[in-house]
Amino acid sequence: MKKIAILGSTGSIGTQTVDILPSIDAEVVALTTNRRINLLEEQARALHPKMVCAMDESAAKELKIKLADTDIEVLTGMDGLIACAAESGADIVVTAVVGMVGLLPTMAAIKAGKDIALANKETLVCAGGLVMSAAKQYGVRILPVDSEHSAIFQCVQAANGNPIDKILLTASGGPFFGKKIEEMRGMTREQALAHPNWSMGAKITIDSATMMNKGLELIEAMWLYDLPPEDIEIVVHRESIVHSAVEFADGAVIAQLGLPDMRLPIQLALTWPQRVPCKVPRMSLAEVAKLTFYAPDYEAFPALNLAKHAASLKGDRGAVLNGANEAAVGLFLNGKIGFTDIAERVAYALDTIPYKKDITLDDVLAADKAAREIVLG
Ligand code: NAD
Ligand code: MG
């Protein structure tokens, strides 16, 4: 039986992870939240983990009172998150927290020899080089949960030792597909939060609307599959049925298809190399009937070029891009800036903060902090 720690168990990916647990042979050893303690209590009573963590200190105090009749250890803060990742006795850690807050716990888990089911893409965007080399050094697997990267992982199984020529990274295009940048200027929080195909947390939903999500995913793919950004082509595919594809030297393209439902990639990351029956309904190609593909509009979605630029420079650019984006998305969600200001603020941070090529984990944290400060003003 696999022992699983779920960081961010109360979010969109976290709750879907809990939902597929009965399909797999697993025992949960740790659960965490920021401050959704009612749901965390419910999950803890159902799953009996060894430890839980509420990042927020006052939420953790309340949670401790709620769970006083159990022997579950209640932790808080970054130390608590790290303990849940590295000291809970997990074999595999699902990183389903949102944002670069996932970086230190992921690194701690890798150093403790835990496999990672990685949903938290911001970790790879900020510090992909450091994370991948630590994973190699400690002999752990980074199993992608992000649907596109799970698709690429599955396609790569067909390589049989041959190199990948190119990745075709599919994008839904988000709620503002087909719009020009001028039309997007006045878009509201509600309009940006209305994603056509996926129901996800607020931050990633806004990232899908700006298409920064696809930029972050390009960087994520670059690190996971060790390919230069030029060999990753973004293709808009409105139906979200082809989750991504890989092209080989002879031009053959292998793709993975399925209904847009995160429970399949989550489950596969936890059961790999086995495949077991999954709750997700089966796809009927005849019902899907039509698949469409378009080149992205780089003028309307400048975030894509910002991410490509950061990808080609590497160094601290991923951390600056991500930190600025997290801060700008936060401002937009709080009604402080307009929709198109998000990419403008990220561009300003990338222009203003001096570039550093060779980086340590401390440089990543410093770049993240500097980027947030510039955006928040
Ligand atoms: P979400 O907002 O629904 O959930 C985030 C989780 O992290 C919650 O449990 C929350 O309590 C916790 N959290 C939030 N802020 C925190 C903090 N400062 N410290 C500690 N914990 C904190 O987000 P989500 O949509 O589930 O996304 C999680 C991650 O998975 C993101 O990195 C996202 O890009 C990635 N991802 C999500 C989807 C999806 O379908 N939702 C798909 C692919 C990748
Ligand atoms: Mg994705």
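I began with the C-alpha centres of domain 1 and domain 2, which lie 25 Å apart in this predicted model. I took the domain bounds from an automatic or database domain assignment. That division gives domain 1 (2–144), domain 2 (149–298) and domain 3 (314–377).

Ground rules next. The model is predicted: local features need pLDDT of at least 70, side-chain atom pairs count only at pLDDT 80 or more, and totals for chains, interfaces and linings use all residues. Residues are numbered from 1 along each chain as its sequence is written, and chains are lettered from A and ligands numbered from 1 in the order in which they are written.

I then looked up the contact between domain 1 and domain 2. Domain 1 puts in 25 residues and domain 2 puts in 26 residues; two residues are in contact if their C-beta atoms, placed from the backbone, lie within 7 Å. On the side of domain 1 that touches domain 2, strand S1 (2–7), H1, H6 and strand S7 (142–144) each give two or more residues. Helices (H or I, at least four residues) and strands (E, at least two) are DSSP runs, numbered from the N terminus. I sorted that side into 14 nonpolar, eight polar and three charged residues. Ala, Val, Leu, Ile, Met, Phe, Trp, Tyr, Cys and Pro count as nonpolar, Asp, Glu, Lys and Arg as charged, and the others, Gly among them, as polar.

I found 25 residues around ligand 1, the closest being Gly 8, Gly 11, Ser 12, Met 200 and Gly 201; a residue is near if its C-beta atom, placed from the backbone, lies within 6 Å. Helix H1 (12–20) and helix H6 (121–138) each give two or more residues to this shell. H1 supplies the largest share, three residues. The shell holds eleven nonpolar, ten polar and four charged residues. Domain 1 and domain 2 both contribute to the shell, so ligand 1 lies between them.
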